[in-house]
Number of protein chains: 2
Amino acid sequence: MNIGMIEAAAARLDGRVRRTPLLSSPFLDAIAGRRVLVKAECLQHTGSFKFRGGWSAVSALPEDLRRNGVIAFSSGNHAQGVAFAAREHGIPAVIIMPSDAPLLKIENTRGLGAEVILYDRANEDRDAIGARLSAERGLTLIKPFDEPQVIAGQGTAGLEIAEQAAAEGMTVGDVLVCCGGGGLTSGIALALEANAPGLRTRPVEPEGFDDVTRSLASGRIEHNARSSGSICDAIMTPAPGKLTFPIMSRLCGPGMVVTEQQAQRAMAAAFTRLKIVLEPGGAVALAAALYHPERVEGDAVIAVASGGNVDADTFCDATKRFGDGA
Amino acid sequence: MNIGMIEAAAARLDGRVRRTPLLSSPFLDAIAGRRVLVKAECLQHTGSFKFRGGWSAVSALPEDLRRNGVIAFSSGNHAQGVAFAAREHGIPAVIIMPSDAPLLKIENTRGLGAEVILYDRANEDRDAIGARLSAERGLTLIKPFDEPQVIAGQGTAGLEIAEQAAAEGMTVGDVLVCCGGGGLTSGIALALEANAPGLRTRPVEPEGFDDVTRSLASGRIEHNARSSGSICDAIMTPAPGKLTFPIMSRLCGPGMVVTEQQAQRAMAAAFTRLKIVLEPGGAVALAAALYHPERVEGDAVIAVASGGNVDADTFCDATKRFGDGA
């Protein structure tokens, strides 16, 4: 992995990816006690940064492989990112989802043109299903984070952050990133190392799913005790990746951990002050910026708001509970 | 009013205004049966396009007048736009609001640094209060729409639309604009006349408050029968302005009218598909694009999403009622 791969991904994404804005509000600055700049990746195609990695990986395939199509395992944002990238390339996408996935996510993934194959979590082996389909149809597996071209795609968000931070006069400070397996975090860290060396990337995780924070502290890959049970479903990955961890270990500052309630408060603050929709897992970086200012350094902080794929009930629980002040 | 004034306003706003993105979703395209491009002015500073006009008017004042400060009558988006523009210029702003305005709006306007003066709608004359304060302190009144530099500021959104539509390959079609007094609509119409003559501006209003639509049809200024009672509070203006109406009459296509329920459905669609927060009055243009496609012309349509200043209860009524499909 190197900056050249991220720049090449940016060239392939040019004109396809949305350059998401860096938003701010004096009310958020007042909460944090410093300038807060929010990179609104919830406004990306398919509602999360995952479209970047999906497009990057699909577009990097050799033409003869690509036209056979791609396959992914996901019930969430990666599924939609890969499905839309494949559709825009005019190639087939197969997404393998658990049969108990929310109907809306299944329908959305189908709505983006993918063939959705459901499996029974209890009695079927998804890897075996995937291997059989791949062999039969010549499909290429697009992994969600531990894959160089996916990391390169997510890193294009970091190239934009470097430019946008400079335009705001911010050359030193922390860039907080919602972190699951570390694809976005490591991609941004590589981009900032090259283009904005005064900015330090820091992963943010929800309580109970702080595998990356603990891994960075111990210097080796640590796992979460649980695999479910957080409202931050987008970032409940069990452990950092074999590719992403060494990058994060070399480049990132200490991880930060927020409570579910802080994530909900950040959703309410983003609703009231920025007019954007964040899912719980996409709000943890903003939560860290707003509610743990003592752990952040510098006069300004960037929080990456990584996604907004949330149902109305979950969203309204947060916004009605924490109201308009947050 | 001419394009030169809009270009001059754009120069004064450069680096201060947010260039808001043009968003889209294949799911919205499917509802409308054509491409739908949404100009997300809810992401503007203070949550609505009103910051453009506020900054334009404040920055156009001669220095000796400006330093005395400005005054505005508003309980809504104009108040916040003017207050923030004044604060960023380092000058005083006085906002005159009815004493029964929502506490949140009063607090937000104060939070943006303005002095808020409350008056009793039943027993006090707000114009007399404003005139006295202006005379005492040398304040300049910033009117909400029927003021050349305000129209010029709102028109800068039209300059961006012209560029963004061209980048999307759209050179012909309708641009639907949420319309109150016509400041935004007439400003955009002037900008498109000069920079994108194939795009036709059309005002959109809520049922019962269709003064502009009726005025365009009759050729003279018509008034609304009611002055309250719509959830679209941002655009309940009684009649088009003396400056804005002739511009709209010369340049706009026919107006469109949507129901409150259609505005709520559009809020839900924007929540689910675009991850943006719209207030009811800021959603009527998108509602027209999605739910009255037979009245729109062309392969693509632009809907201006003019604002997102809405409380959690109103927002969640819409999103929970119309759910995830909209």
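**View 1. Chain A is divided into domain 1 (3-49 + 147-322) and domain 2 (51-141).** These bounds come from an automatic or database domain assignment. The model is predicted: local features need pLDDT of at least 70 and side-chain atom pairs count only at pLDDT 80 or more, while totals for chains, interfaces and linings use all residues. Residues are numbered from 1 along each chain as its sequence is written, with chains lettered from A and ligands numbered from 1 in the order in which they are written. Taken over C-alpha atoms, the centres of domain 1 and domain 2 of chain A are 25 Å apart.

**View 2. Domain 1 of chain A touches domain 2 of chain A.** Domain 1 of chain A brings 24 residues to the contact, and domain 2 of chain A brings 15 residues. Two residues are in contact if their C-beta atoms, placed from the backbone, lie within 7 Å. On the domain 1 side, helix 1 (3-13) and helix 8 (148-167) of chain A each supply at least two residues. Helices are DSSP runs (H or I, at least four residues), numbered from the N terminus. Helix 8 of chain A gives the largest share of this side, seven residues. By class, the domain 1 side has eight nonpolar, 11 polar and five charged residues. Ala, Val, Leu, Ile, Met, Phe, Trp, Tyr, Cys and Pro count as nonpolar, Asp, Glu, Lys and Arg as charged, and the others, Gly among them, as polar.

**View 3. Chain B is in contact with chain A.** Here 25 residues of chain B meet 25 residues of chain A. Helix 2 (26-32), helix 6 (103-111) and helix 14 (312-322) of chain B each supply at least two residues of the chain B side. Helix 14 of chain B gives the most, with six residues. The chain B side divides into 14 nonpolar, five polar and six charged residues.
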